[in-house]
Amino acid sequence: MSAIKRFERHLLRNYLIGSFVAVFGVGCLFIFETLTFTGTEQLILIGIMFFSVSLMVLLEYLVYSRHVRALRYFFQTDFPSLSSFQNAYRTAHRFPVLTVQRIMGPHFLGLSVPSSLLTALAISQGWLRMPYYLIGLACFGAVLVAILHALIEFFLTYRVTEQMLLTLEKHALDRRFDVPKKTTVVTLRHKMLISTLIIGVFPVMLFVLASAVQLTENESLRSYWSWATLILVVILSVATFCSLLLYENIRKPIAILQQGIQDVENNRLISLPNPYSDEFSHLVSGFNLMMEGIKKRDEQNEQLLDSLFTLFAATLDARDPYTAGHSLRVAAYSVEIATAANLPHEQIELLRKSALLHDIGKIGIRDDVLLKEGRLTDEEFQIIQQHPVIGVHILSQVQLPKTLQPILPGVKYHHERYDGKGYPEGLVGEDIPLFGRIMAIADAYDAMTSDRPYRKGMPVEKALSILEEGMGTQWDATFTRLFLDLKRSLIKDVS
């Protein structure tokens, strides 16, 4: 079954439910249980009602055909255009409100007016014995019944249009159409206020109306209370039914949001369906936007790590196996310092990434300088000093996302000295970015303790002593002290 046929079938079912409850259930009950008629009069009234209801249904069908035209056109066209999709989407989005318009107009023009005129004609011809003022009361009752019918179908139609909107959004994805921006058709506040007023006022008004009619017709208190009990049961049933519809309309999106939050807690990043047209539409859109942001960030990080780490490991390992191991160790030491300093987890993770890439600029240093086993000349040392700037240049070509831009200062400034004698810019003290100050300690410690082709690494304690001597001059004193305490505590625990 096609989507439009399924949609129209559900709408027909909703119409029958609303008509049964409002028109035939409530309307007929109040006509035939409130007034006393002879057999002939009942047949006349049934004929008037049949004619008026048929006219009302015809008018409703004509209005409905106009409302559903855009949806039918979209689904019955083999190659629909963007404009036809947008018209169909906006129509489905507004269909609950269109349903109210479809019911209220034909109810008045097709039911109340013809039935009132025909009843007045029957009274004037002597076919019905009843006062004319009862026609006015009947019209008032018809309006109340129409409002009840419209309320029932409004909420039932909401449930049907949710599936239609999801179907249209799938078609948009397949055809690469832009989905029109949703607007709030009926706010949740208005839903609550209108529904509460109808549920609260409708039974009272209908009861008052019926009582006025009944008391003019029947003076027996016993029959009055028997009748009143029946009416109260009907009123209670209608109010309960409407309240359940309202509750279900609010409960469902809340339950979906709760499930979405639970999925996030379980690390399942799943966007929620959003067929709503009230404030829930904005809530679900905001939730989905958050999901997309999280997924996009994860994808960007994974893409960056995969590309840069693969490039970094493949190229530097091929040129100098020491460098790759050095980067991993510098990252580990940097994380230890940052953790001891109680930096936020997100910042520590960025620091780790920055440390892993801090020597990527050495790709741009020629082999005879990078791999030289002896002491470097001044000229060669100046070439080596270019690697932080080269590293930032390389990473800039990758077009890092905004969330990963903080890794660049660590790559560029990990050779700055606290006293301003470092490179590449000779920054002093806390003018040196945080990542640069932390990584400078980790980089120096690993350089001193690691074996190189031309020398053996120095003992740990000697390296720590050099770091201690350089506190406040070469390295940041606070972070250096944290690192010294960590390493000496570890040495003490091992011994």
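Tutor: In this predicted model, the count of aromatic pairs comes to 12. One of them joins Phe154 and Phe155 in an edge-to-face arrangement, with 5.2 Å from centre to centre and 80° between the planes. Phe154 also pairs edge-to-face with Tyr158, at 5.1 Å centre to centre and again with 80° between the planes. Phe154 and Tyr158 belong to helix α4 (residues 133-175), where four residues, about one turn of the helix, separate them.

Phe155 is buried with a relative accessible area of 3%, and Tyr158 counts as buried at 3% relative accessibility. Elsewhere, Phe74, Phe75, Phe85, Tyr89 and Phe177 form one aromatic cluster.

As for the cores, the largest nonpolar core holds 36 residues, and Leu395, Ile441, Tyr445, Leu467 and Phe483 are those with the most contacts inside it. Two or more residues each come from α8 (321-340), α9 (345-356), α12 (387-397), α13 (407-413), α14 (434-449), α15 (460-469) and α16 (477-494). The largest share, nine residues, is given by α14. Leaving aside residues up to four places away in sequence, Phe483 touches Tyr333, Glu336, Ile337, Ile441, Tyr445, Leu464 and Leu467. Another core, of 23 residues, lies apart from the largest one; among its members are Phe155, Val234, Val238 and Leu245.

Note on methods. Residues are numbered from 1 along each chain as its sequence is written. This is a predicted model: local features need pLDDT of at least 70, side-chain atom pairs count only at pLDDT 80 or more; totals for chains, interfaces and linings use all residues. Side-chain values use heavy atoms; hydrogens and water are left out. A nonpolar core is a set of buried Ala, Val, Leu, Ile, Met, Phe, Trp, Tyr and Cys residues joined through side-chain atoms within 4.5 Å. Buried means under 20% relative accessible area, exposed over 50%, partly exposed in between (1.4 Å probe, protein chains only). Contact means heavy atoms within 4.5 Å. Rings of Phe, Tyr and Trp (its six-membered ring) pair if their centres lie within 6.5 Å; planes under 30 degrees apart count as stacked, over 60 as edge-to-face and the rest as tilted.
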